[in-house]
Amino acid sequence: MPYDSEVGSAPDVCVIGAGIAGLACARRLAATGVRVVVLDKGRRPGGRASTRGEGARAFDHGAQYLTARDPRFLHEVETWRRAGIAAEWTGRIGVLRAGSVLPGASETRRYVGKPSMSTIARHLARGLDVRCGVRVEHLERDSNGWRLDVGGGMRAGPFPRVLVTASAPQAAELIGRAAPLIAARLRTVCVRPCWTLMVEFERPLQLELDGAFVHESELAWIAREASKPERGAGERWVLHATADWSDAHLEADAEFVVRELTDALARAVAAPIPAVTQAIAHRWRFATPETALPELFLYDADLGLGVCGDALGGPRVEGAWLSGTTLAEAVSRRSAASERSALRHG
């Protein structure tokens, strides 16, 4: 159960969402001595940087890999690599168009969690107070701070500051009445869905690539799981549908998605595909911001309310991490400035 105003003292900051942005934000806050709790509706931390299953049945069904361009994130990825929880993915990556294979950009360095993408989230969550299975339904502010409705007639808080890391539509809905200006800014972001198919074949797929950006297809991306470092053996593939196809079939049932995307793979490789031994469809309703906002975060210091995530930092793991980290730094700076001012006038 989250913190209750009647039992003990609440943390200084509540972060809503335990994806990469939320975990990066909470870690940076905690490093500066801020007491922070992270609430997430999922069963475990990670958000879209997650893995379904384990070992020879594991699929990275959200973020497929990460790239690093910003010096700060390059340094972070290097610490992950040295800690043994990330490694470079040297698989054969290219472009696939109706059976024709074209090489990809050879200078792009791609990294993955080891032995799964969810390892990165678990690493970021280590040592933090992360409470999963908590769905924040409503928040409101009174003279004591922010109070959160978390279902079942239960409340959490009060918290002096709340930082929301949900997708832009979900964040706008949650904070709409409390912070209409921030909500209005978030509503300008279009976030597209993605249907994902996790499929295992009884024998190898005849394709000279381990990952491919697919053109002229219902598919946008495909990846061979076993080509990534320390993955279990087996012919497991993750297929991501295009945003347009996912939008058009957003409410389709899983059986339809499995059939249609399996057929799309056969057309993309222009060859019969092996027999399927398992197939699981997963819908990411809010997968990718079409165009991210230019700001890295939004924060109202007077309200003690902020928003971060890939809708601000950019639709990549790097963007989410930078957004969460810079919001935490802004909150810490302003909190320290307020304390210094209070001391001067005390």
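Biologist: Which residues of H7 are buried?

Modeller: In this predicted model, a residue counts as buried when its relative accessible area is under 20%. By that cut-off, the buried residues of H7 are Val257, Leu261, Thr262, Ala264, Leu265, Ala268 and Val269.

Biologist: Within what arc do the buried residues of H7 fall, seen down its axis?

Modeller: An α-helix has 3.6 residues a turn, so residues three or four places apart point the same way. The buried residues of H7 line one face of the helix, because, seen down the axis, they fall within an arc of 160 degrees.

Biologist: Is Asp60 buried or exposed?

Modeller: Asp60 is found in the loop between strand E2 (36-40) and helix H2 (71-82). Its relative accessible area is 1%, and the cut-off for a buried residue is under 20%. Asp60 is therefore buried.

Biologist: Which residues are linked with Asp60 in a network of salt bridges?

Modeller: Side chains of opposite charge can pair when their charged atoms come close. The side chains of Asp60 and Lys228 are joined by a polar contact of 3.3 Å, while Glu225 forms a salt bridge with Lys228, their closest N and O atoms being 3.8 Å apart. Both Glu225 and Lys228 are buried. The residues linked with Asp60 in the network are Glu225, Lys228 and Arg231.

How values were computed
Residues are numbered from 1 along each chain as its sequence is written. This is a predicted model: local features need pLDDT of at least 70, side-chain atom pairs count only at pLDDT 80 or more; totals for chains, interfaces and linings use all residues. Side-chain values use heavy atoms; hydrogens and water are left out. Buried means under 20% relative accessible area, exposed over 50%, partly exposed in between (1.4 Å probe, protein chains only). Helices (H or I, at least four residues) and strands (E, at least two) are DSSP runs, numbered from the N terminus. The arc is that of the directions from the helix axis to the C-beta atoms. A polar contact is a pair of N or O atoms within 3.5 Å; within protein, one must be able to donate a hydrogen and the other to accept it, and residues adjacent in sequence count only if both atoms are side-chain atoms. A salt bridge is a side-chain nitrogen of Lys or Arg within 4 Å of a carboxyl oxygen of Asp or Glu.
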